[in-house]
Amino acid sequence: MMKEVSNEKISNLRDIILDRADSEKKINMAQGRREADDWLAHETEKLQRETNLILQDARKRAEDIRRRQILSAEREKSTETLRLQNRILSDSMGRLQDKLVHLRDRADYSDILTGMCIDAVESLGTKTPLKLRLSAVDLALAVEVITKTLALNHELALTFDPDPAPILGGCWVATADGHRQVNMDWQSITQEMADSLAERLLPLL
């Protein structure tokens, strides 16, 4: 009888310990997720400020060019306006991409890559093993980026693919079998913002 009571107490104590460990694990994961979300929100805000500066400059250039335009026909005007729009859009996208590339000069560039990696992982929405690819210039940061990413998501299975991605910066994250991939590189981000830039530039012309 004493042995049964003792076994019951041990079993109850084990359940309490397991429950407490599970609770602490959930708290740590929630804290890591909040830190990642705060970082991504902060970086998004900074990128938006950079975009606004580029648009302000594009607005000034568009106004200068428009003042110098002498159009003799509506057709010529439409053609020239389209050319102007494309030229300014292309220039704005190029300037934005240059801004992103020059993020490499910042001391916290590895943190930026970590944030991009986390964003890509969340976009994939899977717990299967994943592979990280970086540009040839950023290969030396691979271990640091993976270490920081895993620190924020302990359940993630992430390894580094030493084959350089053909990108200027940012990262690619794919499933181990290669069937799904999210491109969080500077070219892809710039291209995704093309429609937004065009919508904001159009009223200026």
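Guide: A polar contact is a pair of N or O atoms within 3.5 Å; within protein, one must be able to donate a hydrogen and the other to accept it, and residues adjacent in sequence count only if both atoms are side-chain atoms. The model is predicted, so local features need pLDDT of at least 70 and side-chain atom pairs pLDDT 80 or more, while totals for chains, interfaces and linings use all residues. Residues are numbered from 1 along each chain as its sequence is written, and side-chain values use heavy atoms, without hydrogens and water.

Visitor: Which backbone oxygen does the side chain of Arg-133 reach at 3.0 Å?

Guide: That oxygen belongs to Asp-163. The side chain of Arg-133 also has a polar atom 2.8 Å from the backbone oxygen of Pro-164.

Visitor: Where does Arg-133 lie, and is Arg-133 buried or exposed?

Guide: Arg-133 belongs to strand β1, residues 130-134; strands (E, at least two residues) and helices (H or I, at least four) are DSSP runs numbered from the N terminus. Burial is read from relative accessible area: under 20% is buried, over 50% exposed, and in between partly exposed (1.4 Å probe, protein chains only). Arg-133 counts as buried because its relative accessibility is 16%.

Visitor: Which residues does Arg-133 touch, not counting residues up to four places away in sequence?

Guide: Contact means heavy atoms within 4.5 Å. With those sequence neighbours left out, Arg-133 touches Asp-161, Asp-163, Pro-164, Ala-165, Pro-166, Cys-171 and Trp-172.

Visitor: How many salt bridges does a search of the whole structure find?

Guide: A salt bridge is a side-chain nitrogen of Lys or Arg within 4 Å of a carboxyl oxygen of Asp or Glu. The search of the whole structure finds five. One of the pairs is Asp-163 with Arg-133, whose closest N and O atoms are 3.2 Å apart. Asp-163 lies in the loop between β2 (158-160) and β3 (170-175) and Arg-133 in β1, so this pair ties together parts 30 residues apart in sequence. In contrast to the buried Arg-133, Asp-163 is partly exposed at 42%.

Visitor: What distance, N to O, separates the side chains of Asp-138 and Arg-104?

Guide: Their salt bridge has an N to O distance of 2.8 Å. This pair links distant parts of the chain, 34 residues apart: Asp-138 sits in the loop between β1 and α4 (142-152), and Arg-104 in the loop between α2 (74-101) and α3 (109-124). Asp-138 is buried, with 2% relative accessibility, whereas Arg-104, at 22%, counts as partly exposed.

Visitor: Which residue forms a salt bridge with Lys-148?

Guide: The partner is Asp-111, with the closest N and O atoms 2.7 Å apart. Because Lys-148 lies in helix α4 and Asp-111 in helix α3, the pair ties together parts 37 residues apart in sequence. Both residues are partly exposed: Lys-148 has a relative accessible area of 26%, and Asp-111 one of 28%. The two also belong to a salt-bridge network that includes Glu-144.

Visitor: I now turn to the sheet. What is the order of the four strands?

Guide: Strands of a sheet pair through backbone hydrogen bonds, either parallel or antiparallel. Two strands are taken as paired if DSSP finds at least two bridges between them. Here the sheet is open, with the order β2-β1-β3-β4 and mixed pairing. β2 and β4 stand at the edges with a single partner strand each, so one side of each has no neighbour in the sheet. From one strand to the next, the twist averages 20°.

Visitor: How many bridges join β1 to β3?

Guide: Five bridges join these antiparallel strands, and Leu-134 has Cys-171 in β3 as its bridge partner. Five bridges also join β3 to β4 (residues 181-185), again antiparallel, with Val-173 opposite Val-182 in β4. The hairpin of β3 and β4 has five residues between the strands, and Gly-178 takes a positive phi near 80° there.

Visitor: Which residues of β3 are buried on one side and on the other?

Guide: Gly-170, Trp-172 and Ala-174 are buried on one side, and Cys-171, Val-173 and Thr-175 on the other. Thus six of the six residues of β3 are buried.

Visitor: Which strands does α4 lie across?

Guide: Axes are lines fitted to C-alpha atoms, for helices over the stretch in contact, and angles run from 0 to 180 degrees between N-to-C directions. α4 lies across β1 and β2, and runs at about 175° to β2.
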